[in-house]
Amino acid sequence: MSGNFLALAQPGVQQLSPYVPGKPVDELARELDLDPASIVKLASNENPLGASPKALEAIRGAVAELTRYPDGNGFALKSLLAERCGVELNQVTLGNGSNDILELVARAYLAPGLNAVFSEHAFAVYPIATQAVGADAHVVPAKDWGHDLPAMLAAIDANTRVVFIANPNNPTGTWFDAQALDDFLQDVPEHVLVVLDEAYIEYAEGSDLPDGLDFLAAYPNLLVSRTFSKAYGLASLRVGYGLSTPVVADVLNRVRQPFNVNSLALAAACAALQDDAYLAESRRLNEAGMQQLEAGFRELGLGWIPSKGNFICVDIGRVAAPVFQGLLREGVIVRPVANYGMPNHLRITVGLPAENSRFLEALSKVLARG
Ligand SMILES: *Cc1c(COP(=O)(O)O)cnc(C)c1O
């Protein structure tokens with residue numbers, strides 16, 4: 001008799017749904033026998049600019065040393081981050097993507113009998129990281145698609161160890177302001193670690209979105225996570241970071257893989273961090289593209305959820321899955337968000353002007369077919 005290795009998995013894992021990524025370009029090209037170059041992918045919040053030339057140059061420089069393990073302490077990148085973020089080196093944790101940071105938090109602080117609080121329509125990795133370690137997920141209903149911070153406070157109990165909040169949130173693009181964040185942090189019990197996920201913060205500069213770093217000194221139970229995958233354009237390399245007290249960083253360091261960030265990612269992230277022109281261009285392009293998409297939706301008579309990220313959820317007004325399929329046949333990949341409890345929406349990543357136009361034309365065509 002062989003064992004039932006599904007039933008033998010820990011209960012949280014048995015109930016997990018795996019993360020659903022955006023459809024890869026090559027997969028659609030194979031399925032529809034299309035030229036990959038003709039396909040527009042606006043499905044994974046990737047930076048349409050391509051990587052910074054400085055990052056690419058740094059990668060070429062690091063290739064000669066691929067036979068060696070990377071610097072397991074990530075000294076060069078941590079030093080740069082500490083300087084830029086105004087923290088000490090021992091407050092920085094590097095991750096294999098910021099996803100890794102979220103998982104390190106779950107592994108270090110959650111266990112069966114304990115729970116994490118997060119919002120409805122929040123990032124899919126929060127339930128995955130929570131259930132994977134056998135902890136309970138307390139999912140709090142959203143308010144106007146965004147986090148209901150007072151309700152999230154009320155959902156915290158004696159067994160809560162972590163609260164995940166994203167600002168702006170993915171996939172909704174919703175955000176809260178500095179006052180709301182401060183009110184929340186003031187009332188969160190001291191035994192609860194607040195993970196403030198700022199994967200898109202670089203796109204929100206100059207807006208009323210708070211900078212989580214401004215709150216680190218006042219709140220020792222705060223961890224801010226950020227990534228090089230979005231505005232810095234290095235999604236494939238998998239590098240992100242957490243900023244916290246030295247104690248929390250020390251705890252996370254105990255459970256991380258010894259060489260969790262590879263040498264090409266370290267080199268590229270250092271270069272990208274110093275390429276201010278690239279970041280400014282990414283922002284400019286995103287703002288222009290967001291306006292282009294909103295204007296297009298307006299013209300089509302569609303509603304949307306205002307977003308401070310590099311993506312936007314458009315309301316199709318009925319179940320959106322057939323429209324998603326129709327767009328695929330037009331060679332345009334966007335993201336269905338039914339698995340986030342949003343069956344009538346599609347999430348569109350802001351692309352280059354020509355990509356946004358291709359998408360809007362395809363959308364118009366698909367909607368006209370009814
Ligand atoms: C994309 C994203 C991340 C992390 O991505 P990594 O590539 O793992 O750094 C984290 N949080 C949110 C809300 C995201 O959208």
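His138 lies in strand 4 (residues 136–140), where helices (H or I, at least four residues) and strands (E, at least two) are DSSP runs numbered from the N terminus. The model is predicted, with local features requiring pLDDT of at least 70 and side-chain atom pairs counting only at pLDDT 80 or more, while totals for chains, interfaces and linings use all residues. Residues are numbered from 1 along each chain as its sequence is written, and side-chain values use heavy atoms, with hydrogens and water left out.

With a relative accessible area of 25%, His138 is partly exposed; buried means under 20%, exposed over 50%, and partly exposed in between (1.4 Å probe, protein chains only). Val255 is 117 residues from His138 in sequence, and their C-alpha atoms are 24 Å apart.

Helix 13 (residues 353–368) has 16 residues and reaches 23 Å from its first C-alpha to its last, close to the 22 Å expected at 1.5 Å a residue; the expected span is 1.5 Å times one less than the number of residues. Its buried residues are Asn356, Phe359, Leu360, Ala362, Leu363, Val366 and Leu367. Seen down the axis of helix 13, these fall within an arc of 165°, so they line one face of the helix; the arc is that of the directions from the helix axis to the C-beta atoms. Ala354, Glu361 and Ala368 are exposed on the other side of helix 13.

On a 1 Å grid over the protein atoms alone, a cavity is a set of points where a 1.4 Å probe fits but cannot get out, and a pocket is an open set with protein on both sides within 12 Å along at least five of seven lines; lining residues have an atom within 4 Å of a point. Grid points are joined across faces, edges and corners, and a volume is the space filled by probe spheres set on the points.

The largest pocket has a volume of about 560 Å³. Of the 29 residues that line this pocket, Tyr19, Asn99, Phe123, Lys230 and Arg238 are the closest to its centre. Helix 5 (98–109) and helix 6 (125–132) each supply at least two lining residues, and helix 5 gives the most, with four.

The structure holds one cavity of 30 Å³ or more. The largest cavity has a volume of about 40 Å³, and its lining includes Asn47, Tyr203 and Val350.

There are zero disulfides, a disulfide being a pair of cysteine sulfur atoms within 2.5 Å. The sulfur of Cys85 is 13 Å from the closest cysteine sulfur, in Cys270, too far for a bond.
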